[in-house]
Amino acid sequence: MAAKSVSFYNVKLECLPRKELREMQEARLREAVHFAYQNSQFYRRVLDRAGLKPHNITGISDLQKAQIFTTKDDLRENYPFGMLSVSKNKVVEMHATSGTTGTPTLGLHSAQDLEEWGEIAARSLVMSGLRSDDVFQITPSLGMFSGGFGFYHGARKVGCTIVPSSAGFSKRQVEFMVDFGTTMFSAIVSYGFRLAEVATEMGVDPRRDTKVRKGIFGSEIWTREMKRKLSDLWDLDPYDIYGSTELCGPGVGNDCYLHNGLHIWQDHFLTEIVDPKTGEALGPEEEGELVFTTLTREAMPLIRYRSRDISRALDERACECGRTHQKYSEIKARADDMLKVSGVNFWPSEIERILLRRSDLGSEYQIRVDRVNSIDSMIVTVEARDSGLDLGRKEILAKSLEKDLHDVLLFTPKVVIVEPNALPRVEVGKAKRVYDDRSG
Ligand SMILES: [Zn+2]
């Protein structure tokens with residue numbers, strides 16, 4: 001790739017020599033454990049149970065040896081305020097996951113936490129191209145969902161013009177884009193596609209009739225094939241932001257212009273990859289679950305938090321962009337999303353990669369798994385790119401996809417090609433593409 005001018009929000013910290021970054025992490029880890037032990041009843045119990053005192057912890061290996069972890073279940077069991085390390089009146093903002101799978105998990109912020117969240121979100125936004133002269137439209141919800149506010153706190157620091165349009169009302173979103181001259185927008189991945197569709201239905205060509213040439217997307221697992229399609233729709237270079245409500249929200253990490261992994265801000269998070277089954281720490285390039293220890297969070301510090309996100313630490317000495325913060329591969333899957341059909345384990349993203357590399361298909365698909373008389377079956381429904389494809393062509397396309405999928409899955413799912421816009425769209429929140437109808 002040709003050399004590109006690189007901008008930073010905080011060049012000193014983003015490009016801190018690795019040795020200094022490591023020393024900073026080690027010092028902050030000791031402080032963070034000490035703080036958690038003194039101020040969080042939860043962590044005092046956890047460390048006492050393991051027979052550890054803060055002065056015993058000299059590095060992450062001491063916590064690894066003691067098999068100390070924090071899980072989403074811990075957060076749910078301690079809902080709403082059992083994980084707090086400050087008095088309740090020091091909490092200035094709170095966010096929650098949707099809780100569709102049970103009790104929501106929370107992100108609780110002190111004033112200092114918000115300040116630091118804004119800092120790392122600003123770094124991520126500038127990494128994605130945001131500048132002070134941009135008009136930046138925030139389409140994720142500004143509500144209990146941490147997405148919208150993360151972009152807001154970061155963008156406030158960058159000093160651009162903010163259009164906090166929040167989620168839904170897609171036609172109005174497109175009108176704002178045109179009327180206000182939006183140059184960059186943030187969105188949940190699938191909504192980036194939805195907005196392009198709505199714009200087209202309104203007679204607005206996203207490439208020609210808007211000034212949007214930059215975009216930052218997150219909240220859903222997406223493949224490089226999906227990025228290419230989104231890039232074509234908007235004529236923009238899509239960036240990938242990472243985060244979760246429990247850790248703060250978007251801004252935990254981001255990909256740089258090389259688009260070959262996410263820099264995770266190591267001065268705020270100590271990251272590890274572990275085997276999702278055994279919890280054993282894994283080495284560079286080994287695929288496993290991302291685990292986070294927050295180094296600066298005050299209201300709700302987390303020690304060895306199991307994110308359930310599958311990634312690997314890239315074995316790279318330095319990134320060409322100049323940032324020294326450890327890179328991780330794009331999130332491949334959520335550990336809980338692995339499918340097992342006819343005895344074969346696979347991630348939904350493996351199917352997406354095959355579907356989306358075809359230029360004659362759109363970006364929307366659905367995977368349905370069922371079991372009849374103890375036999376698993378899987379139907380993959382995918383939209384054609386163009387409407388009016390005749391039945392014969394659809395059949396040929398479906399057969400060829402079934403063969404490609406068989407090569408990867410070793411069983412043959414049924415593929416159905418449908419018209420563009422035939423599958424349901426999500427206006428607010430994350431897309432649901434996998435339905436497992438097997439009982440038990
Ligand atoms: Zn980089």
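Helices α9 and α10 run roughly parallel to each other, a label for angles under 35 degrees, with over 145 counting as roughly antiparallel, 65 to 115 as roughly perpendicular and the rest as oblique. Helices here are DSSP runs (H or I, at least four residues) numbered from the N terminus.

A word on the source: this is a predicted model, where local features need pLDDT of at least 70, side-chain atom pairs count only at pLDDT 80 or more, and totals for chains, interfaces and linings use all residues. Residues are numbered from 1 along each chain as its sequence is written.

Back to the pair: α9 and α10 pack at about 30°, and their axes lie 10 Å apart. Those axes are lines fitted to C-alpha atoms over the stretch in contact, and angles run from 0 to 180 degrees between N-to-C directions. Here is who meets whom, with contact meaning C-beta atoms, placed from the backbone, within 7 Å:

| Helix | Residues in the contact |
|---|---|
| α9 | V189, G192, F193, A196 |
| α10 | M226, L230, L233, W234 |

These residues split into seven nonpolar, one polar and no charged. Nonpolar covers Ala, Val, Leu, Ile, Met, Phe, Trp, Tyr, Cys and Pro; charged covers Asp, Glu, Lys and Arg; the others, Gly among them, are polar.

Now zoom out. The domain assignment, which is automatic or from a database, gives domain 1 (11-15 + 108-334) and domain 2 (338-436). Their centres, taken over C-alpha atoms, are 27 Å apart. Domain 1 puts 17 residues into the contact and domain 2 puts in 14. On the domain 1 side, α9 (189-201) and α10 (224-234) are the elements giving two or more residues.

How values were computed
Two residues are in contact if their C-beta atoms, placed from the backbone, lie within 7 Å.
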